[in-house]
Amino acid sequence: MKRIIALLIVALFIIPACDSKKPAADIETIGMKIEGEPIISFRFVFHTGSMKDPAGKNGLASITANLLAQGSTLKNKYQDILKKLYPIASGYNVQVDREYTTFVGGTYKDNVDFFYSLFKEALLEPAFLEEDFNRIKAETVNYLKTNLKYGNDEELGKAIFKAYVYKGTSYENNIAGSLAQVESITLEDVKGFYKENFTQKSLIAGVSGNYSDTLIDKIKTDFAALPKGTDTPRPAITPEKILGTNVLILEKKTDSTGIHIGFPIQLMRNDPDFHALFLANSWLGEHRNSASHLYQVIRETRGMNYGDYSYIEDFPGGGFRQFPPANVYKNPQLFEIWIRPVVNKNKLFALRAALRELKKLVDNGMSEKDFQLTKKFLSKYYLHFASTSSQRLGYKIDDKIYGLSESHLENFKKNIDALTLEKVNQAIKKHLQYDNLKIVFVTNNAEELKADMVADNPSPIQYRTPKPDEVLEEDKEIVNFPLNVKEENVTIVKLEDIFK
């Protein structure tokens, strides 16, 4: 009898020990082991963003994500987290977009265990304190009321333009939200959104650097604490069909005018035409590249503004970024020409100059000389796209998101080198056009601008310094370049009416 009792006592200790082992999480993990890399980078990407905002709660995804990244956990107040991260020169932040929310962090390898414990607590054990919620919500309201409207016309124009292009879809939602809906969001809404959207099925967890072999297993075990979630198909995004040139004028008292031109584009990274159009667009308006064509025509030759760029993929935060961010997937993607602010009297001339160059590219294609120069340029320039291991990890995660069979970044040069001028010009003809556009102005005197466009009035330009005869001759074509804008296709919006 004593022997049986002793065995039962032993069993009581053994059985719980066996049951306490956590199962591994059902999540996608991507490791990028780099021998000798002293920085360990974390990039946890959840398939949730502003497109998941419930009706009447636009801004909920953003507030939830920022509360995780800038809030207290069950073990630490937010102020204490900052104090703990400061001595090890480490931190984490969040990037919220329409489809994906990305938490990015990094630390020196010797501190990785300590850093990871704080990073995982932020995502798995948020305290959802009222004081943190009120702070994040107040910052969002202030951003919508003041910062976005009055502090940055370029980001304002981009926000309006994307909502206009993706009108009628879940991409239309402003990422930060709209004022009345943000003010209606409660802490219970945040808790519910977190529980429903931050799941194992929605997560891709990435790590790069010279990390230990056990780190990935630890992540899988720890993040089993998230709800499993379900595999939900990506919803179809079908923007309204654009017929003709449609213009939205955001009227604002300002000394300069920002302009955005574009349309949704059915071209993803796994499309056979992607690299061909990438090269053509690089020639037309590579972001912050003074050698690109639009920059040369509008900025360099005529000195009208700071820069002029074009894109075949969405490029959020272009005002403070040199290279495109990772994990901002969209389908359909976005073709955009961004004319950075010009003085008000030159706004129609700048618009005409950009549209004329787009038409010339579509009608005539690239020249052999421009093709060869751009091909040579991109064969080296792409190395700057991801100069850190964290950025390279972001691209590696994007490979998974885009469903690529080979690495976009690692095979970029090979794909560019394989291009021919014929293939590039075929891609231009197939994917670019100038007849059906959406255009956004952030400017003053909206009614006057509308009248000038509808009447197709000439838009002469006067220079402060003399220009060569060939420039003045070209100007004669630009000032009368047809706009083809119908009155019913022009909408004027007052500044005080947006983001309400």
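**Close-up views of strands and pockets**

**View 1. Strand β10 and its partners.** Strand β7 (residues 256-265) runs antiparallel to β10, and five bridges join the two; strands are DSSP runs of E with at least two residues and helices are runs of H or I with at least four residues, numbered from the N terminus, and two strands pair if DSSP finds at least two bridges between them. The model is predicted, and local features need pLDDT of at least 70, side-chain atom pairs count only at pLDDT 80 or more, and totals for chains, interfaces and linings use all residues. Residues are numbered from 1 along each chain as its sequence is written, and side-chain values use heavy atoms, with hydrogens and water left out. H260 has V440 in β10 as its bridge partner. Strand β6 (residues 245-251) pairs with β10 in the parallel sense over seven bridges, and V247 stands opposite I439.

**View 2. The two faces of β10.** Seven of the seven residues of β10 (437-443) are buried, that is, under 20% relative accessible area with a 1.4 Å probe and protein chains only. One side carries L437, I439, F441 and T443, and the other K438, V440 and V442.

**View 3. The open five-stranded sheet.** The strand order is β1-β5-β2-β4-β3, with mixed pairing. β1 (28-33) and β3 are the edge strands, each pairing on one side only. From one strand to the next the twist averages 15°; angles run from 0 to 180 degrees between N-to-C directions, and axes are lines fitted to C-alpha atoms, for helices over the stretch in contact. β1 and β5 are parallel and share six bridges, with G31 facing V207 of β5 as its bridge partner. Helix α4 (residues 112-124) packs on this sheet and touches β2 (39-46), β3 and β4 (101-108), where contact means heavy atoms within 4.5 Å.

**View 4. The largest pocket.** This pocket holds about 790 Å³ of space. A pocket is an open set of points on a 1 Å grid over the protein atoms alone, where a 1.4 Å probe fits, with protein on both sides within 12 Å along at least five of seven lines; lining residues have an atom within 4 Å of a point. The volume is the space filled by probe spheres set on the points, which are joined across faces, edges and corners. Among the 26 lining residues, V96, Y143, E155, I175 and A176 are the closest to the centre. Helix α5 gives the most to the lining, with six residues.

Terms used. Buried < 20%, exposed > 50% of the residue type's maximum accessible area, 1.4 Å probe, protein only.
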